[in-house]
Amino acid sequence: MCGIVGYIGPRQAADVLLSGLARLEYRGYDSAGIVVNGEQPDLEVRKTEGKLANLRQLLADRPVQGKSGIGHTRWATHGPPNEVNAHPHLDCSGKIVVVHNGIIENFAQLRTQLVSSGHRFVSDTDSEVIAHLIEHYLHHVADQDRPSERDFLQAVTQTIMRLEGAYALAIMHRDFPDMLVAARKDSPLIIGHGVGENIIASDIPAVLEYTHEVVVLHDGELALVHADDLEVFNLSLERLEPELMDIEWDLADTEKGEYEDFMLKEIYEQPRALRDTLRGRMADDGTLQLSELAMSDDEIRELRHVYLIACGTSYHAGRIAKILIERWAQLSVDVVASSEFRYGSPLIDEHTLIVAITQSGETTDTMAGVTEAHLKRARVIGITNVLGSRITREADGILYTVAGPEIGVAATKTFTTQIAAVTVLALKLAQVRGTLPQAEIEALFAELSRVPDLVERVLADTDAIVAAAALFEGVDSSLFLGRGIGVPVAMEGALKLKEISYIHAEAYPAGEMKHGPIALITSRVPVVAVATSSATHEKVLSNVAETQARDARVLLVGTQGDQKLAALADHVIYVPEVSELLSPIVSVVPLQLLAYHVTKARGCNPDMPRNLAKSVTVE
Ligand code: M6R
């Protein structure tokens with residue numbers, strides 16, 4: 001939540017900051033701002049309420065010149081999304097300026113202390129205390145008129161040690177136009193290391209235009225950034241060796257190309273993303289290759305219980321994983337929303353495996369669950385899409401999805417690749433534990449490898465999906481039903497619809513309808529049911545008939561060739577035949593597209609739904 005960017009080098013900083021913020025806008029879009037250190041030197045601040053387009057216009061009207069600067073796109077936590085609360089924030093002297101992503105939990109206490117010692121605050125944000133606190137410490141460590149770079153760094157370090165909560169920071173001082181400071185704890189931050197230029201950013205897409213070489217800043221580290229030099233320190237100001245990584249993503253991966261929206265592009269990228277995620281996972285001798293789990297076969301055999309923790313869409317991938325692991329590996333599994341896991345009483349011992357699923361690798365709730373699991377000495381495997389993200393450093397083993405950057409706030413290709421990853425994981429656990437015959441494992445993997453082709457077939461003909469979107473015209477509420485592995489698919493379909501179209505959508509196990517929710521059914525509450533071939537197929541259809549008897553208008557996702565469906569529903573979207581346990585990827589794709597088309601018909605922006613941000617780094 002919130003995107004930050006910083007630039008120092010030979011280019012006009014404002015141009016780089018704007019293009020970086022555009023690539024980070026998915027992290028927050030209720031206000032934006034930049035500050036550039038001009039030639040004088042002088043800090044030129046420009047900030048506005050609303051989306052980045054407003055800031056772009058302001059900069060066209062009142063341009064700023066200078067070769068270093070920092071910028072921010074905000075997802076409001078403390079204080080309404082107006083111009084005053086937009087970042088950057090300055091100290092009283094107007095020389096120290098800060099952009100911040102995260103939450104300073106002890107800001108109220110710090111603010112009271114600073115106010116009583118004479119500091120004047122202008123915003124409601126927690127972030128502004130950081131600028132004032134640096135000013136306070138700089139006053140103590142340096143001759144105010146002539147602080148050195150080192151004094152400034154020391155004041156930043158002392159400030160950081162007073163902060164409780166999460167932060168990624170980019171900081172400038174008016175009198176040091178050749179230097180930026182970056183620091184982080186529990187919020188993501190990287191530095192793109194270019195030739196004669198450096199770019200600080202919350203996420204990789206913001207730097208790809210300039211460099212593919214990235215320094216990942218770790219918790220408790222800060223960086224002193226010059227145009228041609230970059231030093232990393234710990235909080236005792238001891239120098240550390242920067243961890244450099246080469247990023248393979250292309251700039252084109254972060255652009256819409258021929259598509260109207262990122263969400264649509266990312267839906268269409270799924271066949272490629274799935275193939276890349278599955279590539280190389282089965283050796284010629286039929287052994288599943290998951291060495292990144294860093295678990296011995298004995299450790300896998302000794303497992304007694306698995307907890308899957310995740311949020312939102314990733315939680316739905318966890319619900320699918322539970323079904324697969326229980327069925328194939330004969331291990332009991334609990335799936336817990338990460339925000340509940342850390343405050344519950346999970347029963348964890350050395351035979352418990354925690355699998356944390358998070359596409360961003362940064363979700364605060366999930367990372368808090370990982371910390372909790374480690375405190376209880378459990379082994380943690382992370383499933384993520386982002387190289388170098390927090391979970392890659394904190395989990396004991398990592399399984400990557402290879403979806404490429406996902407910019408749309410609604411998760412699509414990261415979800416289906418998560419399903420592919422957990423399917424391979426479940427098969428691997430079964431293989432090592434000897435709970436599924438090898439021939440069956442090979443047959444299932446072979447079928448899974450064909451799923452990307454099936455998704456391609458769904459994407460090749462979307463007329464029925466576009467037509468079905470008409471069911472939602474003028475509608476305020478809807479129900480999504482399924483049974484068995486169709487329940488998490490229905491849950492994901494409902495989440496997609498509600499988060500981008502703002503139509504209420506409730507997912508329910510179809511058999512539970514009669515215990516309450518059926519009371520909601522009217523002709524104005526469409527029912528979407530996952531009715532693909534399954535052991536409970538007939539039961540799903542009976543439950544759907546019960547809603548139709550109460551005037552519901554019905555959309556079924558069914559299996560190609562299932563002739564009877566047309567007579568049972570207002571709309572049917574057919575998907576290719578696939579085994580029941582491998583069906584979620586194929587059946588969720590039309591639901592993603594349904595949500596997309598309903599949203600477009602309502603004139604909403606699927607990439608930037610209101611109140612949401614892509615990466616949720618607050619509790
Ligand atoms: O990065 P994560 O997978 O941890 O994110 C979890 C959720 O915040 C995320 O899936 C969210 O629900 C999406 N907006 C769903 O489309």
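Pro88 sits in the loop between strand 4 (68-74) and strand 5 (89-90), and a cis peptide bond, with omega at about 5°, joins His87 to Pro88. This is a predicted model, in which local features need pLDDT of at least 70, side-chain atom pairs count only at pLDDT 80 or more, and totals for chains, interfaces and linings use all residues. Residues are numbered from 1 along each chain as its sequence is written, and side-chain values use heavy atoms, with hydrogens and water left out. Helices (H or I, at least four residues) and strands (E, at least two) are DSSP runs, numbered from the N terminus.

- Most residues other than glycine have a negative phi, and most peptide bonds are trans.
- Gln330 isn't a glycine, yet has a positive phi of about 50°.
- You'll find Gln330 in the loop between helix 9 and strand 17 (332-337).

**Around the ligand**
- The ligand has 14 residues around it, and Ser314, Thr358, Ser360, Thr363 and Glu499 are the closest; being near here takes a heavy atom within 4 Å.
- The side chain of Glu499 has an N or O atom 2.4 Å from an oxygen atom of the ligand.
- For the side chain of Ser314, an N or O atom is 2.6 Å from a ligand oxygen atom.
- Thr313 uses its backbone instead: an N or O atom there lies 3.0 Å from an oxygen atom of the ligand.

**Helix 9 with helix 13**
- Helix 9 (residues 312-329) and helix 13 have axes that come within 9 Å and cross at roughly 20°; axes are lines fitted to C-alpha atoms over the stretch in contact, and angles run from 0 to 180 degrees between N-to-C directions.
- That makes helix 9 roughly parallel to helix 13 (angles under 35 degrees count as roughly parallel, over 145 as roughly antiparallel, 65 to 115 as roughly perpendicular and the rest as oblique).

**Helix 13 with helix 18**
- Helix 13 (residues 413-433) packs on helix 18 (residues 583-601) at about 170°, with axes 10 Å apart.
- The two, helix 13 and helix 18, are therefore roughly antiparallel.
- Phe415, Thr416, Ile419 and Ala420 of helix 13 touch Pro584, Ile585, Val588 and Gln592 of helix 18.
- The contact of helix 13 with helix 18 has 6 nonpolar, 2 polar and no charged residues.

**Helix 4 with helix 5**
- Helix 4 (residues 128-141) and helix 5 (residues 149-162) pack at about 125°, their axes 8 Å apart.
- So helix 4 and helix 5 are oblique to each other.
- Residues that meet here include Tyr137 in helix 4 and Phe152 in helix 5.
- The contact of helix 4 with helix 5 counts 9 nonpolar, 3 polar and 2 charged residues.

Terms used:
Contact = heavy atoms within 4.5 Å. Nonpolar A, V, L, I, M, F, W, Y, C, P; charged D, E, K, R; others polar. Polar contact = N/O pair within 3.5 Å; in protein donor to acceptor, adjacent residues only side chain to side chain.
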